[in-house]
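Visitor: I have the coordinates loaded and a few questions ready. Shall we go through them one by one?

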Amino acid sequence: MRLLDAVDEDRRDVDVLVTALQQAVAEVRGLGGMVHLPGGGMSGILYLVADSGLPESMTRPWLVIPARGTAPPSRAARHDAIMWQPHLAPPDPVPGRDPAALWPSRLPAGIAHLAVPVPGGGKRRGALSVLFSADDQPGAAECAFLNEVAAWVSGRLRASGILNPSPALLRALENGPGSGVDPWYAEGVPSVTYTWDLRTGELTSDRPVEKVLTGIDPEVMAGGIEAWAALIHPDDLPGAVTGFDMGIQLRGGFQDEYRIRRQDGTYLWIEARARTITDEAGAPVKVIGTLRDSSETHTTAESVGRALRHMSDGFVSVDTDWRIGFLNEAAEKLFGPAGDVAGSLLWDIPALQAVPGLEQRCRMTAAEGGPAGFDVPGPDGRSWYHLRLVPVPEGLTLYITDTTERHLREVERADAEQAAAERASLVQRITRELAEAATAQDVMAAVADSVMKPLGATGLIMLGVTGDRLTVIGSRGYRERFIRLLDGTWEPGDTTNPVGYALHTRAPLCISSPEEMLESYPATEKLVREGGKATWAFLPLAVSGREIGAAVISFGRPRALGEEEKTLLAALSGLIAQALERAGLYDEATTRARTLQRSLLPKALPELPQVTTAARYQPAKQGADVGGDWYDVIPLSAARVALVIGDVMGHGMAEAAIMGGLRTAVRTLSELDLPPDEILSHLNDIVGNLGSDAFATCLYGIYDPVTRRLSYASAGHPPPAVAHPDGTVNFLPVTPDPPLGVAAPPFEALETLLPADSLLALYSDGLVESKDRDIITGMRHLAELLSQSANALATSPADASELDALCAKLASALLPAHGALSDDAALLLAATHPLAAENVSEWPLPEDPMAAGQARELVRSQLTEWGLTDEDLIMTTELLVSELVGNVVRHAYGPIRLRMLRSRTLTCEVTDASLTTPHIRHASAMDEGGRGLQLISALCQRWGTRHTRTGKSIWTEQPLPRSQ
């Protein structure tokens with residue numbers, strides 16, 4: 001290596017190659033060696049540029065080999081690795097040349113082939129080969145030495161035109177992608193074939209040279225090689241001579257392009273191609289070649305080359321091995337100096353390593369044979385470039401266009417389009433949510449949830465016109481103190497306040513700072529200070545020329561609202577106004593509907609000693625559609641209580657009307673003391689007469705505190721639940737009768753004995769059934785809740801307030817939030833209390849006229865025992881009982897029984913076996929009888945007849961003295 005370093009810097013490339021090759025072969029004790037490098041004429045080709053120690057018969061097959069062949073030099077250059085082949089074989093053929101046909105017939109056996117890559121300018125340019133005896137394989141030290149020699153060769157080689165676009169590339173660019181034109185094999189281009197005899201220097205041609213090369217001296221060929229050399233341009237002469245020398249010395253083909261002088265002193269460009277002919281001993285004897293005029297091509301190529309080099313877009317050409325062969329000034333600014341990157345793999349360039357899938361795109365473009373383009377971000381993260389890949393015969397060209405400005409415009413346009421889309425989406429969303437808003441509070445919530453965040457607002461106030469004032473409907477982002485201060489402060493017709501001014505102009509008013517607000521509206525100083533906001537947008541809310549309010553959107557910091565935001569606010573102003581108008585109408589309709597519904601339900605449940613009751617009703621949803629669920633508690637005779645609950649199917653005024661009619665009918669029928677099954681039969685007739693689309697469920701029960709029995713009947717209604725004092729809960733059995741309107745009477749009446757102080761729960765299906773819960777699961781949940789409360793009620797009998805609290809607790813646990821119900825829900829709780837035995841007295845009476853007197857004695861005695869010693873009460877009761885018993889003796893038949901009950905009233909009952917019902921009639925002055933019932937009606941609070949299984953009972957009720 002020290003000997004190589006001493007090689008004169010001015011030595012020609014061929015001398016450097018031969019010297020290095022000779023030194024390498026000698027140092028590793030090889031048989032001979034070769035150096036192959038790529039040439040400028042054909043891509044994908046390696047040329048034999050130097051050899052040492054080998055006869056011409058062995059080098060002739062290696063003059064031209066394919067870069068992608070299987071021979072060791074081809075593989076070493078391509079794979080950047082040392083290649084060893086244990087036997088010497090001919091290389092792969094190239095177009096027009098078959099090395100196997102040139103292979104020596106007699107070749108010594110046992111020759112091996114070793115090749116190391118020759119680097120150059122960032123790529124592996126070629127290969128250095130050494131032939132060895134097959135038995136003398138080189139070791140690691142020899143291989144390392146050969147690598148070092150190859151590196152030294154690469155460093156000493158002069159630039160060989162790799163940084164300039166080749167004529168083939170320029171012609172391909174001129175003719176367009178995929179033209180496939182090879183300038184050396186173009187048909188129809190005139191040329192002259194010449195022969196140069198190296199021994200005599202004589203030049204001969206197949207035709208007059210001036211016929212092809214216009215303006216050349218016709219006698220130039222007669223003057224020999226010296227005359228020809230005298231015509232070559234002085235600047236081109238060294239290169240031309242070097243080319244001839246190398247071609248002759250290497251005994252191979254060579255090509256060149258240079259200028260020659262015409263007779264008029266001007267120059268024309270010619271392309272020269274030649275090959276060296278040797279004698280049998282291998283000595284060069286002549287050169288045979290062709291010449292043609294390339295002035296036009298060269299001028300075009302120069303023009304294209306200059307355009308490529310100086311154009312604003314980057315331009316890069318790569319060969320078939322994907323290595324950079326040329327890049328212009330614009331590309332150098334992106335990738336680095338040409339000398340540093342030339343010969344590198346395209347996708348190994350740092351600036352291109354971040355381009356996703358570049359290698360796959362390049363290979364696909366080359367395979368498909370058509371151009372392709374795509375956008376990529378620049379390495380600085382701010383710029384953008386468009387890469388266009390164009391296949392050409394020599395490989396691939398890459399155009400790089402800076403599209404940063406266009407990309408920014410596209411980004412700005414995309415941002416504008418996105419902003420417009422977001423505004424449109426915002427308007428669509430707020431329109432949809434406002435369309436679903438039912439109340440003014442819903443409108444307030446929709447605006448707050450949909451508008452504040454997109455606009456970056458921190459406060460919202462909704463004002464409504466009430467008389468001559470603006471009152472606050474709702475707010476977000478403000479303290480309650482400020483809302484109280486603002487409420488009712490402004491008048492809608494006063495233009496000295498910002499809301500009044502916005503309503504007057506019917507346009508949004510935007511104020512961008514507190515200073516601007518105080519300058520325009522000095523009276524708002526306290527509001528600005530207390531509100532804590534810095535920018536406001538006042539939106540007038542008006543419908544059909546009528547002012548209904550205003551919306552104030554505020555921001556926590558000063559800002560100027562843009563025109564697009566103001567346009568959006570103007571659109572929102574109209575949408576909010578319409579929604580608020582609908583909400584006002586809805587609220588009015590809802591108020592009327594709720595008033596109607598509440599009027600159809602009991603205003604208050606009666607306070608009775610026999611039962612403590614509480615109820616809850618919750619409609620399915622807000623609005624004018626009232627529901628049909630109802631309940632009632634009706635006091636009956638003999639201290640009994642009727643408990644009823646029903647559900648008219650559907651929602652609306654018609655269903656509410658049916659519910660009101662049924663409730664009235666139940667109360668009327670209850671006054672007749674009819675049993676539950678008969679009452680349901682009458683109700684079924686009423687509903688059936690309303691039409692085929694009217695249906696209702698109903699449960700009617702009568703609780704008797706004397707016997708603690710509950711008799712009940714159901715028409716398609718869920719069964720009542722009974723919570724026992726010990727905490728157990730059971731649902732009473734019901735007959736699965738259809739709803740009222742489709743049932744076929746008779747209904748079945750059932751009876752059960754209730755434990756003392758038990759809790760009875762009547763409910764509609766809306767309480768226990770929902771879209772997320774079936775009715776069985778809901779009933780099970782109700783039973784669990786009742787069981788938890790039963791023990792507490794047993795240890796401390798529930799009063800009205802405790803039972804009301806329990807009713808609210810059950811409704812809250814079983815029902816979702818208000819407004820989320822799919823059906824109305826009703827719940828009626830009744831804590832039952834038996835009538836103590838000391839408050840009940842009963843006696844049999846004989847069937848004769850003496851029974852009336854006996855009854856009077858029993859009444860007086862019992863009242864005295866109960867401490868009811870008021871003489872008026874005793875005399876009145878004696879008279880009532882005497883008249884009742886006398887009527888039975890006269891008009892009915894026995895057995896006769898008298899019963900007295902002390903409860904909230906004093907009840908007297910006379911029972912017989914007759915089914916005859918007494919009626920009051922108008923007796924004339926001459927009638928002897930007929931005045932008994934008139935007397936009874938006048939003396940008691942109320943009276944009536946109740947049919948039993950064995951007859952009837954006529955009863956009276958009298959108020960007890962206050963002290964009792």
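Visitor: Which residues have the most contacts inside the largest nonpolar core?

Guide: A word first: this is a predicted model. In general, nonpolar side chains in soluble globular proteins tend to be buried together. Here the largest nonpolar core has 52 residues. Those with the most contacts inside it are Trp 630, Tyr 631, Leu 662, Leu 680, Leu 683, Tyr 700 and Leu 760.

Visitor: Which helix gives the most to this core?

Guide: Look at residues 653–671. That helix supplies 7 residues to the core, and the most comes from there. The name is helix H23.

Visitor: What does Leu 680 touch, leaving out residues up to four places away in sequence?

Guide: Leu 680 is among the residues with the most contacts inside the largest core. With sequence neighbours up to four places away set aside, its list still includes Leu 740 and Phe 747.

Visitor: How many residues are in the second, separate core?

Guide: Val 443, Ala 448, Met 462 and Leu 561 are included in that core.

Visitor: How many disulfides does the count come to?

Guide: The cut-off for a pair of cysteine sulfur atoms is 2.5 Å. Take Cys 908: the nearest cysteine sulfur, that of Cys 940, is 9.5 Å away, and Cys 908 is in no disulfide. Cys 940 is in no disulfide either, with the sulfur of Cys 908 as its nearest. The count comes to 0 disulfides.

Visitor: Is Cys 908 buried or exposed?

Guide: Buried means under 20% relative accessible area. Cys 908 has 1% relative accessibility, so Cys 908 counts as buried.

Visitor: And Cys 940, buried or exposed?

Guide: The same cut-off of 20% applies. Cys 940 has 9% relative accessibility, so Cys 940 counts as buried.

Visitor: Which residues form a nonpolar patch on the surface?

Guide: Start from Leu 935, which lies in helix H30, residues 932–939. Leu 935 counts as partly exposed because its relative accessibility is 32%. The patch members together have about 200 Å² of accessible area. They are Leu 879, Leu 935 and Leu 939.

Visitor: How many of the residues of the chain count as buried, in percent?

Guide: The chain has 964 residues. Its accessible surface comes to about 44800 Å², with 52% belonging to carbon and sulfur atoms. The part that counts as buried is 48%.

Note on methods
Residues are numbered from 1 along each chain as its sequence is written. This is a predicted model: local features need pLDDT of at least 70, side-chain atom pairs count only at pLDDT 80 or more; totals for chains, interfaces and linings use all residues. Side-chain values use heavy atoms; hydrogens and water are left out. Buried means under 20% relative accessible area, exposed over 50%, partly exposed in between (1.4 Å probe, protein chains only). Patches are made of residues with over 30% relative accessible area and no salt bridge: like charges are joined within 9 Å, nonpolar side chains (Val, Leu, Ile, Met, Phe, Trp, Tyr) within 5 Å. Accessible areas come from the Shrake-Rupley method with a 1.4 Å probe; for residues, only the protein chains shown count as cover. A salt bridge is a side-chain nitrogen of Lys or Arg within 4 Å of a carboxyl oxygen of Asp or Glu. Helices (H or I, at least four residues) and strands (E, at least two) are DSSP runs, numbered from the N terminus. A nonpolar core is a set of buried Ala, Val, Leu, Ile, Met, Phe, Trp, Tyr and Cys residues joined through side-chain atoms within 4.5 Å. Contact means heavy atoms within 4.5 Å.
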